[in-house]
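Please consult the sequence and structure shown below while reading.

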Amino acid sequence: MSHVIEQLDKYAKELVASGLVVGAGGNLSMRDGDYMYISPSGYDLKEIKKEEWVKVHIISGEVYGSIKPSSELLMHLACFRENEEITAVLHAHPTYSVSVSSTGKEIPALFPDFPAMVKDVAYIDYVIPTTELLANEVANHAQKAQVMVLRNHGVITLGKTMNEGSLFFYAINRGISEGFCH
Ligand SMILES: [Zn+2]
């Protein structure tokens, strides 16, 4: 089993354990050469078997195998297409983040490592999830921002490694919950 699948497996389980992702309410992907692997549609992230991660060709978008990829596939593809340095993408709808993002406010940098870790946060106005329109919005920011707040929807983070993407994911969600909800 490839290194990429092992990491996806590990980080998917961590996301669920963190409480930020409930059931099938999130998706993650990793680059593997010209391809990416993404979580399948409708699966509880902690229950994805290693052979169930869906292989997709990054440029053509061709999907391999019989399992349906996450409905948010286009947004993940956009990140890998726009920024060659990115190898991992995480997206979910943590309750705090969705409610705070819908207020139109920006996330305050309330703990010391936040600005050092997360340099550019992009805010994207509500666009219907899973659409090409949303993928285009994400593509517009993918060169620069590794953290994007999708208003009324959730959060997406881009990592040069899965470890980095996941640190950003936890940092932005911590920033949101500590900044607004305590
Ligand atoms: Zn979503």
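## Strand pairing

Strand β1, formed by residues 26–32, pairs with β2 in the antiparallel sense, and four bridges connect the two. The model is a predicted one. Within this pairing, M30 has Y37 of β2 as its bridge partner. The hairpin of β1 and β2 has two residues between the strands, and G33 in this hairpin adopts a positive phi near 65°.

On the other side of the description stands β3. Strands β2 and β3 also run antiparallel, joined by four bridges. Y37 is again involved, standing opposite K55 in β3.

| Residue | Location | Phi |
|---|---|---|
| G33 | hairpin of β1 and β2 | near 65° |
| G19 | just after α1 | about 85° |

## The loop between β2 and β3

The loop that links β2 (35–38) to β3 (54–57) contains K49.

## Helix α1

Helix α1 covers residues 3–18, a total of 16 residues. From its first C-alpha to its last, α1 reaches 22 Å, close to the 22 Å expected at 1.5 Å a residue. Which residues of α1 are buried? They are V4, L8, Y11, A12 and L15. Viewed down the axis of α1, these buried residues fall within an arc of 110°, so they line one face of the helix. The face turned away from the buried side of α1 carries the exposed residues H3, E6, K10 and A17. Just after α1, G19 takes a positive phi of about 85°.

## Packing of α2 and α5

Two packed helices are described by the angle between their axes and by the distance between those axes. For helix α2 (residues 73–82) and helix α5 (residues 132–141), the axes come within 8 Å and cross at roughly 30°. Angles under 35 degrees count as roughly parallel, and α2 and α5 are therefore roughly parallel to each other. The crossing of α2 and α5 is right-handed.

Definitions and conventions:
Residues are numbered from 1 along each chain as its sequence is written. This is a predicted model: local features need pLDDT of at least 70, side-chain atom pairs count only at pLDDT 80 or more; totals for chains, interfaces and linings use all residues. The expected span of a helix is 1.5 Å times one less than its number of residues. A residue is buried if 20 or more other C-beta atoms lie within 10 Å of its own, exposed if 12 or fewer, and partly exposed in between; C-beta atoms are placed from the backbone. The arc is that of the directions from the helix axis to the C-beta atoms. Two strands pair if DSSP finds at least two bridges between them. Axes are lines fitted to C-alpha atoms, for helices over the stretch in contact, and angles run from 0 to 180 degrees between N-to-C directions. Angles under 35 degrees count as roughly parallel, over 145 as roughly antiparallel, 65 to 115 as roughly perpendicular and the rest as oblique. A crossing is left-handed if the near helix is turned anticlockwise from the far one by less than a right angle, and right-handed if clockwise.
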